[in-house]
Amino acid sequence: MYKIYVINEGDTLESIANKFSTSIDVLERINDIKDIIPGEEIIVPNNKEIPFLIYKVNKGDTLFDIARRNNVNYRDLVLINGIKDGEYIYPNQEILIPKPDVGVYTVEDPETLAQVANKIGTTMQNIIDQNASIYLLPNQLILYKKEKYL
């Protein structure tokens, strides 16, 4: 879940946060720091398996714009973040965005796991590996690793 990172010359909290798909706030909280020094060790989240990037909302952002810029379906972004359609977002609010190699599929009723896998061009095992719980209920989000050959 966490690992030790040795700060390199030229590193900033922002560059480290981007490198480990986290936020500056998270790094500051888990390390109780504001400044970093090359050679110093800090704790960073081991987010290699986490399928989302954390985006901090800027003034003037809309969910539509964030979705478009990140090539994500607006409806999926709303569902992933538990935001009601049309609800406002605020500067400094953190939004989860699927990583570029992660696909999101919304279950339709009725569908089997085999049908979902076939529709999105992946394997049932890939879907099982990427999701903690699969109920195949309408509007459930299914995450899957995008296949390189797709």
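A nonpolar core is a set of buried Ala, Val, Leu, Ile, Met, Phe, Trp, Tyr and Cys residues joined through side-chain atoms within 4.5 Å. I start from that term, and I keep in mind that what I am reading is a predicted model.

Entry 1, the cores. I looked up the largest nonpolar core and found that it has 13 residues, of which Leu63, Ile66, Leu77, Ile89, Ile95 and Ile97 touch the most other members. I then asked which elements give two or more residues to this core, and they are helix 3 (63-69), helix 4 (74-81) and strand 4 (94-98). Apart from this core lies another, of 11 residues, and I noted Ile16, Phe20, Leu27 and Ile42 among them. In soluble globular proteins, nonpolar side chains tend to be buried together.

Setting aside neighbours within four places in sequence, I listed the contacts of Ile89 as Val57, Asp61, Thr62, Leu63, Ile66, Ile83 and Ile95.

I found Asp61 in the loop between strand 3 (52-56) and helix 3. Is Asp61 buried or exposed? Its relative accessible area is 14%, and because buried means under 20%, I count Asp61 as buried. Not counting residues up to four places away in sequence, Asp61 touches Tyr55, Lys56, Ile66, Arg69 and Ile89. Where polar atoms are concerned, the side chain of Asp61 makes a polar contact with the side chain of Tyr55 at 2.5 Å, and a polar atom of the Asp61 side chain lies 2.8 Å from the backbone nitrogen of Asn58. Lastly I checked Asp61 against Pro91, and the two are 30 residues apart in sequence while their C-alpha atoms are 7.9 Å apart in space.

How values were computed. Residues are numbered from 1 along each chain as its sequence is written. This is a predicted model: local features need pLDDT of at least 70, side-chain atom pairs count only at pLDDT 80 or more; totals for chains, interfaces and linings use all residues. Side-chain values use heavy atoms; hydrogens and water are left out. Buried means under 20% relative accessible area, exposed over 50%, partly exposed in between (1.4 Å probe, protein chains only). Helices (H or I, at least four residues) and strands (E, at least two) are DSSP runs, numbered from the N terminus. Contact means heavy atoms within 4.5 Å. A polar contact is a pair of N or O atoms within 3.5 Å; within protein, one must be able to donate a hydrogen and the other to accept it, and residues adjacent in sequence count only if both atoms are side-chain atoms.
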